[in-house]
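Dear colleague,

Please find below the structure that I am handing over to you. My notes on what was found in it follow directly after.

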Amino acid sequence: MTDMAVSPATRQLCDATFSYDEAASALSLLDLYTGPERERVYQAAVRLSGGLGRLRKWLDEANRNPETVLWFGESPSDVSADTHAFGVEFINASLDKHPDTPAVSESE
């Protein structure tokens with residue numbers, strides 16, 4: 001288990017989203033994100049992920065552009081709920097088609 005402290009809300013979300021065995025791994029994966037607004041980003045990434053593989057990719061994206069993850073992981077007011085849901089499903093389907101493709105940092 002990770003040494004990082006997460007809020008009770010984030011821990012509860014992980015417990016609700018992942019199986020018992022996966023929840024501990026998910027909490028450890030949250031350490032991958034090192035940017036600002038950690039709790040918001042953690043929760044957005046968990047809500048978007050639906051699985052450990054996607055969680056890692058959403059956290060990789062958050063390190064590059066946290067605003068993108070926050071926009072998709074929260075309820076944006078500039079698009080309809082249906083359009084937002086379609087965007088999330090589309091991105092997750094793309095992630096599922098390329099599960100072994102490592103995210104590449106723009107700074108590398």
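In this predicted model, Arg40 forms a salt bridge with Glu74, and the closest N and O atoms are 2.7 Å apart. This pair links distant parts of the chain, since Arg40 belongs to helix 3 whereas Glu74 sits in the loop between helix 5 and helix 6, 34 residues apart. Glu74 is partly exposed, with a relative accessible area of 26%. Arg40 is likewise partly exposed, at 35%.

Most residues other than glycine have a negative phi.

How many salt bridges does a search of the whole structure find? The search finds three. Arg64 and Glu61 are three residues apart in helix 4, so about one helical turn separates them. As a general point, an α-helix has 3.6 residues a turn, so residues three or four places apart point the same way. Arg64 is partly exposed at 30% relative accessibility, and Glu61 is partly exposed at 21%. Salt bridges that share partners join Glu37, Arg40 and Glu74 into one network.

I turn next to the aromatic residues. The structure holds four aromatic pairs. One of them is formed by Tyr33 and Tyr42, in an edge-to-face arrangement with 6.5 Å from centre to centre and 85 degrees between the planes. Tyr33 and Tyr42 are both buried. Another pair, Trp71 and Phe72, is also edge-to-face, with centres 4.7 Å apart and 85 degrees between the planes. Are Trp71 and Phe72 buried or partly exposed? Trp71, at 29% relative accessibility, counts as partly exposed, whereas Phe72, at 17%, counts as buried because the limit for a buried residue is under 20%. Ring pairs link Trp58, Trp71 and Phe72 into a cluster.

The nonpolar interior is the next topic. In soluble globular proteins, nonpolar side chains tend to be buried together. In this model, the largest nonpolar core has 24 residues. Those with the most contacts inside this core are Cys14, Phe18, Leu30, Leu55, Trp58, Leu59 and Val69. Which helices each supply at least two residues of this core? They are helix 2, helix 3, helix 4, helix 5 and helix 6. Helix 3 gives the most, with six residues. Leaving aside residues up to four places away in sequence, Cys14 touches Ala23, Ala26, Leu27, Leu30 and Val46.

Finally, I would draw your attention to helix 6. Helix 6 covers residues 81-97, which makes 17 residues. From its first C-alpha to its last, helix 6 reaches 24 Å, close to the 24 Å expected at 1.5 Å a residue. Which residues of helix 6 are buried? They are His84, Gly87, Val88, Asn92 and Leu95. Seen down the axis of helix 6, these buried residues fall within an arc of 125 degrees, so they line one face of the helix. What covers them includes helix 3 (38-49), helix 4 (52-64) and helix 5 (66-73). On the other side of helix 6, the exposed residues are Asp82, Phe86, Glu89, Phe90 and Lys97.

A colleague

Definitions and conventions. Residues numbered from 1 in each chain as written. Predicted model: local features only at pLDDT ≥ 70, side-chain atom pairs only at ≥ 80, totals over all residues. Heavy atoms only, no water. Helix = DSSP H or I, 4+ residues; strand = E, 2+ residues; numbered from the N terminus. Expected span 1.5 Å × (residues − 1). Buried < 20%, exposed > 50% of the residue type's maximum accessible area, 1.4 Å probe, protein only. Arc of directions from axis to C-beta. Contact = heavy atoms within 4.5 Å. Salt bridge = Lys/Arg side-chain N within 4 Å of Asp/Glu carboxyl O. Phe/Tyr/Trp six-rings, centres within 6.5 Å; stacked < 30°, edge-to-face > 60°. Core = buried A, V, L, I, M, F, W, Y, C linked by side-chain atoms within 4.5 Å.
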